[in-house]
Amino acid sequence: MTQTWFIVTFAVKRQEKNAKDFCCNSQIYNYFFFPPICRMSVAAYCVFCYRKIGTSGPATKKHLPWNDIRKIAKVTGSLILGGFVFITYEVLSLNKLLQIDTQALHQEKLKSYVYVRTASLSPSEYQVKEQFSTFDGEDHECALWLLLKRSQSEDKAIRLQAVQDLASNSHWHDYQYVTVAQTCDQRTAIGLARSRDVDLRFFLPPPPLPKIKTDYSIEDELRLLLVSLPQTGLDPCVQYFTSLALSESSHTLAAQMGGLWCFGGNGLPYCETLSKIPSETVELFCLQALVQHSKISSHCEKIEAKGGLQLLQRIYQLRKDSAKIQRNIIRIIGNMALDERLHSSIVRAGWVSVLAEVMKSPHIIQSSHASRALANLDRDVVKEKYPDGVYVLHPQYRSSQPIRADILFVHGLLGAAFKTWRQQDIDRRLDRKASEGEEDYSQCWPKTWLASDCPSLRIISVEYDTHLSDWKAKCPVEAHRKSIAFRSSELLDKLKAAGIGDRPLVWVSHSMGGLLVKKMLVDASKNPEMDKIVNNTRGIIFYSVPHHGSQLAEYSINARYLLFPSVEVKELSKDSPALKELNDDFLSFAKDKKFSVLSFAETLPTHIGSMLKLHVVPVESADIGIGDLIPVDVNHLNICKPKKKDAFLYQRTLKFIQDVLAQEL
């Protein structure tokens, strides 16, 4: 019996050793192989024992000694206890490996929470809250719907705060952005588009456009739209440029649709047939004609009724490589947005998402056109309306900061609302350090520098046509439109609609823009409805304004035309009676109103072509007779373009504005 037990025990241990050596080499013994080996060993031992018991004695008496039983119990108990310890160890190890870090999950969950500002709930919101109590969802899900509910509140303060909370939270999930885009109302969508750094996922893409007729191209659709617009009671220049946009090849089609204007010749002035012109050029000419039509409210209704919003959307998507075409289209949308009856149609046509995207453009001209269109759509916050040619440079987004005063920039002829006020161009050959910092170059320093230094100001830049289109031909009555008197009357009406005069005001002007400012103030002083523009004027800045005429008028017609059209040149003649009368009228009431005046004068000649250099505005002509006069070593074109932010030109301008508006700022 003892020998048998030794043999079995030795065999069992031998098997365990071999298995352990193998499993250790495989690094899996402790975890997987040991329990099966144990079970095999026990089974083998039991078999040997039972065989021995069955064959070792007579069949009449089966007796098992107590010593053997105790040995078997010890071995079996040890194996069972070891197995339980091993299983317990494995369970604990697996549990540790599979344990989830609840703290990390909690931190991740916090990112999804939306912290809504406390505000008193209306009875309807209490009902919504009660519904949320049975809603099987996370807290941030309830917050989303609560903000959407508040965004439609009758209380304006709650409504605006809800839109701000929606736009400022960056932890929404993708499906939540889609939820807002599909459920928010028109007013909320426009408010989100005018929120700084808004996520574009808040907006639905433009709806699918109807298929264009196979027989017509985009140019044909534009011509059909132009022909369908009213043809009576129009500005002669609008008629003239519309007639040029309609080609000889579409005369028959236009006649079938109700007639055609031919105001100065058939077709384009520099080709025989329209088919020789690239389609993009034709579209641009047609869009320029539509810009003129969009300035007339009744024509905007016709454009909308004829599917013009969808057609413009199609052209916009097809011509993403043409900034000029897109700019003209957004300009048309901005003009149509002046009519509140068309707001729903503009939103349904998908223009809010397009404008929100353009607002993020790094190009100031593009973003400013989109900003104007959205401001005209945002009747919940913006009281003023911005007609064609009036652009808000700051603030372009909704802001809780109150506006204390207005700064109005007026460019000269052949200038523009943006390019006139850019930073002085960098000559890489002469200024390597400046070229290295070109990424900080300002395309429009009033929008970048002045807005950061005086954030509580509303900064507006106006633009008036120095030419009505890119056509080589001129409008027959264009000469009248270019007179200072006509431009003054036209701009005053636009500025009144934009709320100019409701706050303290500072004018900033360049070249002939200064003459226009003086004329507007003189005209406003004689009109009781415009009197507040004069009364709220705090100061005027003149950059090389020819108060007493320009030497340019003394040169030949060819030289004069390089800078000024003929009408303006005649008005610029040295010691012109018209200029003298304008200056006398201005000074007569400017001294009574005690306007603060700052004048800058150029001292360097301006290159006109490759042959001619002259002082466009001499120092004596830039002296208006009141205020400070500061000569600066720059030419006529750069007198309003500071080299950098810490340059004398800008710093002196900034100090003047801060001084005259010290009480407001």
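This is a predicted model: local features need pLDDT of at least 70, side-chain atom pairs count only at pLDDT 80 or more; totals for chains, interfaces and linings use all residues.
Contact here means heavy atoms within 4.5 Å. Keep that in mind, please.

Let me start with the whole protein. The secondary structure comes to 30 helices and nine strands. The chain has 665 residues, and 48% of them count as buried.

Next, helix pairs. Two packed helices are described by the angle between their axes and by the distance between those axes. I have two pairs for you.

Pair one is helix 10 with helix 15. Helix 10 covers residues 218-228, and helix 15 covers residues 308-318. Their axes come within 11 Å and cross at roughly 150°. The crossing is left-handed.

Who meets whom? From helix 10 come Ile218, Glu221, Leu222 and Leu225. From helix 15 come Gly308, Leu311, Arg314, Ile315 and Leu318. Sort the residues of this contact and you get six nonpolar, one polar and two charged.

Pair two is helix 21 with helix 30. Helix 21 runs over residues 445-453, helix 30 over residues 648-660. Here the packing angle is about 50°, and the axes are 11 Å apart. That angle makes helix 21 oblique to helix 30. This crossing is right-handed.

On the helix 21 side, the residues are Trp445, Trp449, Leu450 and Asp453. On the helix 30 side, they are Tyr650, Thr653, Leu654, Ile657 and Gln658. The division this time is six nonpolar, two polar and one charged.

Helix 23 has 14 residues, 484-497. What span should we expect for helix 23 at 1.5 Å a residue? The expected span is 1.5 Å times one less than the number of residues. For helix 23 that gives 20 Å, and its end C-alpha atoms are 20 Å apart, so the two agree.

Which residues of helix 23 are buried? They are Ile484, Arg487, Ser488, Leu491, Leu492, Lys494 and Leu495. After helix 23 comes Gly499, with a positive phi near 85°.

On to single residues. First up, Tyr391. Find it in strand 1, residues 390-394. Is Tyr391 buried or exposed? Buried means under 20% relative accessible area, and Tyr391 is at 1%, so it counts as buried.

What does Tyr391 touch, once residues up to four places away in sequence are set aside? The list is Ser368, His369, Arg372, Ala417, Phe418, Ile459, Ile460, Ser461 and Glu463. Take Ser368 from that list. Tyr391 and Ser368 are 23 residues apart in sequence, and their C-alpha atoms are 6.6 Å apart in space.

Next, Asn376. This residue sits in helix 19, residues 364-377. Its relative accessible area is 1%, so Asn376 is buried. Leave aside neighbours within four places in sequence. Asn376 is then in contact with Gly334, Ala337, Leu338, His343, Lys385 and Tyr386.

Last topic: backbone angles. Go to the end of strand 1. The peptide bond from His394 to Pro395 is cis, with omega near -5°. Pro395 is in the loop between strand 1 and strand 2, and strand 2 is 405-410.

Then two serines. Ser511 has a phi near 55°, a positive value in a residue other than glycine. Where is Ser511? It lies in the loop between strand 4 (505-510) and helix 24 (512-525). Ser511 has 3% relative accessibility, so it counts as buried.

Ser544 also is not a glycine, yet has a positive phi of about 45°. Look for Ser544 in the loop between strand 5 (537-543) and helix 26 (557-561). At 0% relative accessibility, Ser544 counts as buried.

That is my tour. Over to you.

Conventions:
Residues are numbered from 1 along each chain as its sequence is written. Side-chain values use heavy atoms; hydrogens and water are left out. Axes are lines fitted to C-alpha atoms, for helices over the stretch in contact, and angles run from 0 to 180 degrees between N-to-C directions. Helices (H or I, at least four residues) and strands (E, at least two) are DSSP runs, numbered from the N terminus. Angles under 35 degrees count as roughly parallel, over 145 as roughly antiparallel, 65 to 115 as roughly perpendicular and the rest as oblique. A crossing is left-handed if the near helix is turned anticlockwise from the far one by less than a right angle, and right-handed if clockwise. Ala, Val, Leu, Ile, Met, Phe, Trp, Tyr, Cys and Pro count as nonpolar, Asp, Glu, Lys and Arg as charged, and the others, Gly among them, as polar. Buried means under 20% relative accessible area, exposed over 50%, partly exposed in between (1.4 Å probe, protein chains only).
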